[in-house]
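These are my notebook entries on the structure shown here.

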Number of protein chains: 2
Amino acid sequence: MPNRIYNFSAGPAVLPVEVLAEARDNLLSLGDTGIGIMEHSHRGKAYMALHEEAEALCRELAGIPSNYHVLFLQGGASLQFSMVPMNLLKSGLTADYLITGAWSQKAAIEARRCGTVHVACTSEDRNFCYIPKGCTWSAAPAYAHFTSNNTIFGTQFAKAPDAPANVPLICDASSDIFSRPLEISKYALIYAGAQKNLGPSGVTLVIIRDDLVERGPKELATMLQYRTYAEDHSLYNTPPTFGIYVMGLIFKWIKKQGGLAGVERANRDKAGKLYRHLDSGGLFRPTADADSRSMMNVTFVTGDASLDEKFVGVAKKAGLDGLKGHRSVGGMRASLYNAFPPAGVDALLEAMRDFEAKSA
Amino acid sequence: MPNRIYNFSAGPAVLPVEVLAEARDNLLSLGDTGIGIMEHSHRGKAYMALHEEAEALCRELAGIPSNYHVLFLQGGASLQFSMVPMNLLKSGLTADYLITGAWSQKAAIEARRCGTVHVACTSEDRNFCYIPKGCTWSAAPAYAHFTSNNTIFGTQFAKAPDAPANVPLICDASSDIFSRPLEISKYALIYAGAQKNLGPSGVTLVIIRDDLVERGPKELATMLQYRTYAEDHSLYNTPPTFGIYVMGLIFKWIKKQGGLAGVERANRDKAGKLYRHLDSGGLFRPTADADSRSMMNVTFVTGDASLDEKFVGVAKKAGLDGLKGHRSVGGMRASLYNAFPPAGVDALLEAMRDFEAKSA
């Protein structure tokens, strides 16, 4: 077993060792097939079984009702920023966007190419350090779009916003999908790039309600219509087979952790420990408002950029990697996705206490 | 080392054992970084070095001039069927398509959503069993598009078609990219899904000339403009890092085989052996015209569908997998991509001779 360090990267991010080991053991031969997992035809029995299992596990974990499709796409959340409005918005229609960070801003920019965007709320006034309390909705939005967790700014919606009745709620859940139970029926469409909680980059999970699939215009490019994926179980063309396989392994691993409730408990423990220290009045303080804090990305600063940089360097030497905050916030960011081990939080706390003692 | 069988799959397809072994050894820790290859941030030094190396090796192998971009995209050739016309065709303009099989037909269907398609040639009259000799070009096509190798029908362009001067030539090279030297300057854009000669599914290689990047409308969705990838070295959003890493390993492996000239020799040897037997007047006969045969996908039949089925079954039992032909051709298809071992061709020939002897 190689010597692994603590990887606080915001994504691509740490994956469970058991999952990596299983993928490794199937790279030259998937089970006893004599063909590596990456080399199996996507139309063959061996891969098809894994593909179906990944979908079934996804449905089981999140309790996805039968009127929702589970789709595996490519292009990341960034392509979804465009696919959502291309399928659901058009000139003359308005979509409501909740602007809580860089990613929702980017999503809104793509939507404006298709129709009108109404900003239902924004926290830009304080550099996105909070989740706005309420929204002002437009008269009859085609849909409402929000980003459940803001990777860069360390904020997270405690629960889904209450969109007006019958307005399809669309969520970019890239950085907190399956980190806690989800009430799927509240949403019309949830999408997430895999590379934080679900696997390697290059797969996008889309959970979409029947009626939204049908709403997309058939004039759109085939690969940009949700129905193309829904009709062919994400096998219209060659899917990213290895990524979907790893996602299936992750789903199995989540199940073993006690499902979404189990990982939520662990995530609350991990982030809670760190926030408690940040609230203790030492050298480090959190950047997000207390009621808006993310369980996935804990952002904090000393208030002195050079001290921040020094700490990031010290931590890196101690085997705590990827702690440098995004340039738009500065300071530090500890990404604590599902697979991040609790011992890594303890190690970070130790490094912080040690640094504080030496700086005092 | 697991017991590997001969995998004749048309894609995803066999990969070199050395490449798989190296990927396997870096899954839990890339070198001594303590972080697995899939877990490294795409903005970190370790991944960036691999990303740049993959591009540099690609340029070196194919002798790509500096006025071409090498891009790593997602969505497979199927998304390129749409991205090409979305960027380069519009209402009022015509693009010329050479229709030599199912994939070029699909590409033309997507182009018709954007502008006019002129069929410059087609081999549909004989179920695509040949490459047409000449083309009739439209007056001033925006571009000319062809599929260099037809995976399903076992045909391949011996050389790029001679499009009129100044007409950008665009090639879907998904199933024969880097199987032989390429004269890049003849092309304006070459694209290829990785899953045949270049790596796992989920990465698309695009080689595109400067001026075509600029031609795309800026109103297009950000992720559908080539300039988005060209300006940010395919790092505008999180790329499929693992797939690009494996592609880099494949490039290294090709270099060790003597580059594109080296793999071409090996490919000619492999396919040549098989075609010689198919031409020898035994039970099996090739389906493609002699002057149009593919070095990548060798399609053949007995002329008796039940005998074909029997042979596929017998071969499978002998450890020769994936030989069943596509339903639109029937019979058998032996895909002999770069990584397919010569010994596998010998094993197939032995199985064919044995079957012929028993059927005689």
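**Entry 1. Domains of chain A**

I began with the domain assignment of chain A, which gives domain 1 (18–256) and domain 2 (259–359); such bounds come from an automatic or database domain assignment. The centres of domain 1 of chain A and domain 2 of chain A, taken over C-alpha atoms, are separated by 27 Å.

**Entry 2. Model and conventions**

I noted that this is a predicted model, in which local features need pLDDT of at least 70, side-chain atom pairs count only at pLDDT 80 or more, and totals for chains, interfaces and linings use all residues. Residues are numbered from 1 along each chain as its sequence is written, chains are lettered from A and ligands numbered from 1 in the order in which they are written, and side-chain values use heavy atoms, with hydrogens and water left out.

For chain A I read an average pLDDT (the predictor's confidence in each residue, from 0 to 100) of 97, with 99% of the residues scoring at least 70. The model has an ipTM of 0.98 and a pTM of 0.98.

**Entry 3. Between the domains**

I looked up contacts (heavy atoms within 4.5 Å) and found 27 residues of domain 1 of chain A against 25 residues of domain 2 of chain A. The two domains of chain A bury about 2100 Å² between them, 52% of it on carbon and sulfur atoms; buried area is the accessible area (1.4 Å probe) that two parts lose on being put together, summed over both.

I counted polar contacts next, that is, pairs of N or O atoms within 3.5 Å; within protein, one atom must be able to donate a hydrogen and the other to accept it, and residues adjacent in sequence count only if both atoms are side-chain atoms. Between domain 1 and domain 2 of chain A there are 17 residue pairs in polar contact (both at pLDDT 80 or more). On the side of domain 1 of chain A that touches domain 2 of chain A, α2 (45–62), β7 (155–156) and α7 each supply at least two residues. Helices (H or I, at least four residues) and strands (E, at least two) are DSSP runs, numbered from the N terminus. α7(A) gives the most to that side, with 3 residues.

The domains of chain A also share 2 salt bridges, each being a side-chain nitrogen of Lys or Arg within 4 Å of a carboxyl oxygen of Asp or Glu. K133(A) forms a salt bridge with D291(A), with the closest N and O atoms 2.7 Å apart.

**Entry 4. Chain A against chain B**

I found 60 residues of chain A in contact with 60 residues of chain B. The two chains bury about 4600 Å² between them, 61% of it on carbon and sulfur atoms.

The chains are joined by 2 salt bridges. E39(A) forms a salt bridge with R4(B), the closest N and O atoms being 2.8 Å apart.

**Entry 5. Backbone**

I looked up the peptide bond from G11(A) to P12(A) and found it cis, with omega near -10 degrees; P12(A) is in the loop between β1 (6–7) and α1 of chain A. In chain B, the peptide bond from G11(B) to P12(B) is cis, with omega near -10 degrees. N166(A) has a positive phi of about 70 degrees although it is not a glycine, and N166(A) lies in the loop between β7 and β8 (169–172) of chain A.
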